[in-house]
Amino acid sequence: MDSEPQLNVGVLGLDRRGHALVQAMAEMTPFHIQAVADRDTQLVEKRALQLGCDAFDDYRQFILQSDFDTLFVPANLHSCLEHVRLAIKANHHILKLAPMSRTFEEAAQLHALCKDQGARFDVVNPGRYTPSFQAFQTLVQAGQVDRPFLLRLFCDVGLLAGLNPELYQIHPDNQTSWITDQELAGGGVLLHNCYQLIDQLILAFGLPQQVYSLCNSHSSDKQQLHHLTEDTALVTMRFGDNLIADLVAMRHWDDRPTCQRITLFGRDCKVTVCQNNLTIHDHLGDLVKENDLRHEALEIDKALLTNYHLSLADPQSHPFGSDAEANLRVMAVMEAAYLSARTGSPEDPARILSIEGL
């Protein structure tokens, strides 16, 4: 790939979730990080010095004064939506950390704006490049699970992973307080922590026909629950007449590690996949096969970025694994789940897509 032209990249927001991908870009010849922007002046100047690029603490000037091909967006949209739109109107491609947006309507509007401007809106979805989940998709597509009838998805996440929970507290004046604000965050554990699982589900079995969900918060009785995003979600989905799925998601205000798992039940076996391995048990519960698929996170980031770079040069031969259309389907399922939680009735993601003509 050294012979390929370099891709100039701007980084909007130095969110810690995007740090690893920025570092991977910096180590890859096909990428040139031209400028970084963050409202924390000391942080952005320090990071720009490390990366050897320009630094901006004004998002608007960052967009207007830079000449990059792709805008990588680790920042959450509540803090930079107008600047992402400005970048699209300047014909910059967008590569955003999941989720695609806060709501399906917002995602559809950004997608439409990109189509009008001839730009792309892609989403960083490491699950599509993780060996264990790739093996799961191969197994499903090959029909190796006979007559699948039930999927169980599980997500358990600690919001303060990597931080000291005794020193780091969510406070109304804290910069992370948006996490509990429904308008700013768009959603809670379902939107922000189950995105990859929902994407894997759709990739394997398509859109569910019905989505029913319940959500609640861990807040005390004194707090106004309707202002808080959900910490617990239970989602049930129907795929045709013979397959159903349930998703249980929990987030905790501590530093426990994240656990994400999918279990698929078929007539003769059970397949379980998580971040580092895939196991197959027979109908009696005996282990038939176990694949140890441990990997380095940097390998996944570089595989994703390689695919992204190739897709811009030759989209027909190298389509990107997480484009706007795929992510709009994920957002439609999310929208159906949140709508169901409000109405108390099952919702149809396909109907949500059709309303936007998608």
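Author: Start with the open sheet of six strands, which runs in the order β3-β2-β1-β4-β5-β6 with parallel pairing. A word on the labels: strands (E, at least two residues) and helices (H or I, at least four) are DSSP runs, numbered from the N terminus. Two strands pair if DSSP finds at least two bridges between them. At the edges sit β3 (54-56) and β6 (121-124), each pairing on one side only. Going from strand to neighbouring strand in this sheet, the average turn is 25°, direction ignored. Such angles compare lines fitted to C-alpha atoms (for helices, over the stretch in contact) and run from 0 to 180 degrees between N-to-C directions.

Before you zoom in, remember that this is a predicted model: local features need pLDDT of at least 70, side-chain atom pairs count only at pLDDT 80 or more, and totals for chains, interfaces and linings use all residues. Residues are numbered from 1 along each chain as its sequence is written, and side-chain values use heavy atoms, with hydrogens and water left out.

Now find β5 (residues 93-97), which runs parallel to β6 and is joined to it by four bridges.

Touching, or contact, means heavy atoms within 4.5 Å.

Inside the sheet, β12 (residues 269-274) and β13 (residues 277-282) run antiparallel, with five bridges between them. Thr272 has Thr279 in β13 as its bridge partner. Thr272 also meets Thr263, through a polar contact of 3.4 Å between their side chains. That term covers a pair of N or O atoms within 3.5 Å; within protein, one must be able to donate a hydrogen and the other to accept it, and residues adjacent in sequence count only if both atoms are side-chain atoms.

Thr263 itself belongs to β11 (residues 259-265). With a relative accessible area of 9%, Thr263 is buried; that label means under 20%, while exposed is over 50% and partly exposed lies in between (1.4 Å probe, protein chains only). Leaving out residues up to four places away in sequence, Thr263 touches Leu150, Leu151, Arg152, Lys270, Val271 and Thr272. The C-alpha atoms of Thr263 and Thr279 are separated by 9.4 Å, and the two residues are 16 apart along the chain.

Slide over to β10, where you'll find His252. This histidine is buried, at 15% relative accessibility. Its side chain makes polar contacts with those of Asp156, at 2.6 Å, and Arg256, at 3.4 Å. Beyond its neighbours within four places in sequence, His252 is in contact with Asp156, Val157, Gly158 and Leu159.

Charged pairs come next. A salt bridge is a side-chain nitrogen of Lys or Arg within 4 Å of a carboxyl oxygen of Asp or Glu, and the count is 13. One of them pairs Asp231 with Arg251, with the closest N and O atoms 2.6 Å apart. Asp231 is in the loop between β8 (210-216) and β9 (232-239), and Arg251 is in β10 (residues 243-252), so this pair ties together parts that are 20 residues apart in sequence. Both of these residues are buried. Compare Arg294, which is exposed at 65% relative accessibility and meets Asp292 in a salt bridge of 2.4 Å, N to O. Arg256 is bridged to Asp254, 2.6 Å between the closest N and O atoms, and is partly exposed at 31%. Shared partners also link Asp146, Arg267 and Asp268 into one salt-bridge network.

Last stop, the cysteines. A disulfide would need two cysteine sulfur atoms within 2.5 Å, and the structure holds zero of them. For Cys194, the nearest cysteine sulfur is that of Cys155, 4.0 Å away. Cys194 is buried, at 0% relative accessibility. For Cys269, the nearest is the sulfur of Cys274, at 17 Å, and Cys269 is buried too, at 15%.
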